[in-house]
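Here is a short briefing for a first look. Please keep the sequence and the 3D view open while reading.

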Amino acid sequence: MSYDTQPKASHFIDGAYVEDTSGTPIPVIYPATGKQIALVHAATPAIIDQALAAAHRAQKQWAAMSGTERGRILRRAADIMRERNHDLSVLETHDTGKPYQETIAVDATSGADAFEYFGGLAGSLTGEHIQLGENWVYTRREPLGVCVGIGAWNYPTQIACWKGAPALACGNSMVFKPSEMTPLCALKVAEILYEAGLPAGIYNVVQGLGEVGASLVTDPRVAKVSLTGSVPTGKKVYAAAAAQMKHVTMELGGKSPLVIFDDADLENAVGGAILGNFYSSGQVCSNGTRVFVQRGIKEAFLKRLTERLSTAVIGDPLDEATNFGPMVSEKQMNIVLDYIKKGEKEGARLVTGGKRLDRDGFYLQPTVFADVTDDMIIAREEIFGPVMAVLDFDTEEEAITRANATEFGLSAGVFTRDLSRAHRVIAQLEAGSCFINSYNDAPVEAPFGGTKMSGVGRENSKAAINHYSELKSVFVRMGDVEAPF
Ligand code: NDP
């Protein structure tokens, strides 16, 4: 599965690759080996200006096309992404370290789903007609203008598409800044969009760290900012956008509860907990990292969980048999190791894992702590790694209260065979994206996003259209104007 990981240039602006080596060098490290596989340069102020100018210039013409024409281009991009799924998945694996077994199933395919779905919707973005006697009001759904997308490092292809697809469908242009940790995939998304017929300037990619993101957010040409990242970054970006009353979508972190009742199907509950904690080596924002297990099923749950975790195939992410890869970076691995130490120090019981693997790359063992209490740091803070905290509970009421006792509100899950209870509990959990007898499904048709500190706005589904367009109302008087003087 060899692949040329070095992109043609660092940035993609106005329909072409652009380089400016005077920007700060950003080495791209393959997490499975710790070796450098590519080098890009952060955008200089001139590059940032070039990208924003292109997006600003091109947007009005794009918006003037019919939705069907715009949608056709997005749907063509979806087809190309699916045809190139293998290559894109290998690249995603190099960018993030996630196993090819995952990337071939989830990353470019979910990006393609977004282009297909929003491409399909683009022709149906209509306003309303409101009759008021002989007068009437009509509404127009108008694009916002230039949108900025800022991505996290865990799903670089998916994030580039989840932000780009609805933005472009609504007639906006976009400047996207990937995380500096995973700069490669978004460039391919831009390349494919142009191959599909996107006019130059409509989707641009610039590289850089937080400061590049910050200068994009504060530029007066930008109408909207969509960030996927941590809560601290979200607060900064939201505040900067608010200073100019810009629209925002904030997809931030979580510490989501997964509540397992003792009548749950044990295998499915264990499967859900594995998906919600160890997929992508636990680097998923919506993970159910606080696993509340009703006391009656606790020991059986832990036993089966440990058995199934011992069958994880940890190794070379490009080997199709591997289903558990490294952390994205040495820094992230050390953050997670530090949390593991804190868990041990606070008296949680280490059931399995807890160590770095003795091999190249940034590998950690899948780790489970039991007997975790609500006040422990590992039960309160987002770890963003393969560390599950198992907490015991007795009653439904108790589980709901404790599950909600967090500043976050991204996701929540319930496993039970009692469907009335499932709906009753889910209705009371404070979270945006919820699951019953399942975990972490994110189809493009379903709204995705958080409440409380986990975010503002929704990605995917028809709901995303509201976050990438504005509603203009037009009152039309058919008779004379009656003025008081
Ligand atoms: P960060 O918050 O560190 O960074 C997110 C992005 O924001 C990066 O591209 C970063 O650039 C950029 N950035 C940092 N500072 C600023 C600033 N002041 N202005 C503008 N942009 C800035 O998150 P991570 O990349 O570490 O990703 C992990 C986090 O993302 C976790 O908290 C996770 O929960 C969350 N996440 C949320 C998801 C959701 O949909 N709700 C999905 C995936 C992840 P750079 O990194 O290059 O410095």
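Is Lys188 buried, partly exposed or exposed? Lys188 is partly exposed, because its relative accessibility is 23%; buried means under 20% relative accessible area, exposed over 50%, and partly exposed in between (1.4 Å probe, protein chains only).

This is a predicted model, where local features need pLDDT of at least 70, side-chain atom pairs count only at pLDDT 80 or more, and totals for chains, interfaces and linings use all residues. Residues are numbered from 1 along each chain as its sequence is written, and side-chain values use heavy atoms, with hydrogens and water left out.

**Salt bridges**
- The whole structure holds 30 salt bridges (a side-chain nitrogen of Lys or Arg within 4 Å of a carboxyl oxygen of Asp or Glu).
- Lys188 pairs with Glu191 at 3.5 Å, N to O.
- Both lie in helix α6 (residues 185-195), 3 residues apart, about one turn of the helix; helices (H or I, at least four residues) and strands (E, at least two) are DSSP runs, numbered from the N terminus.
- Glu191 is buried, at 18% relative accessible area.
- Arg295 bridges to Asp392, with the closest N and O atoms 3.4 Å apart.
- Arg295 sits in the loop between β13 (290-294) and α10 (298-309) and Asp392 in strand β16 (residues 387-393), so this pair ties together parts 97 residues apart in sequence.
- Arg295 is partly exposed at 45% relative accessibility, while Asp392 is buried at 13%.
- A network of salt bridges links Arg295, Lys298, Glu299, Arg349, Asp371, Asp392 and Asp394.

**Ligand surroundings**
- A polar side-chain atom of Thr233 lies 2.6 Å from a ligand oxygen atom.
- A backbone N or O atom of Glu251 lies 3.4 Å from a ligand nitrogen atom.
- Taken alone, the ligand exposes 910 Å², and the protein buries 87% of that (Shrake-Rupley method, 1.4 Å probe; for residues, only the protein chains shown count as cover).

**A buried serine**
- Ser411 lies in strand β17 (residues 411-415).
- Ser411 counts as buried, because its relative accessibility is 1%.
- The Ser411 side chain reaches the backbone oxygen of Ser433 at 3.1 Å.

Conventions. Polar contact = N/O pair within 3.5 Å; in protein donor to acceptor, adjacent residues only side chain to side chain.
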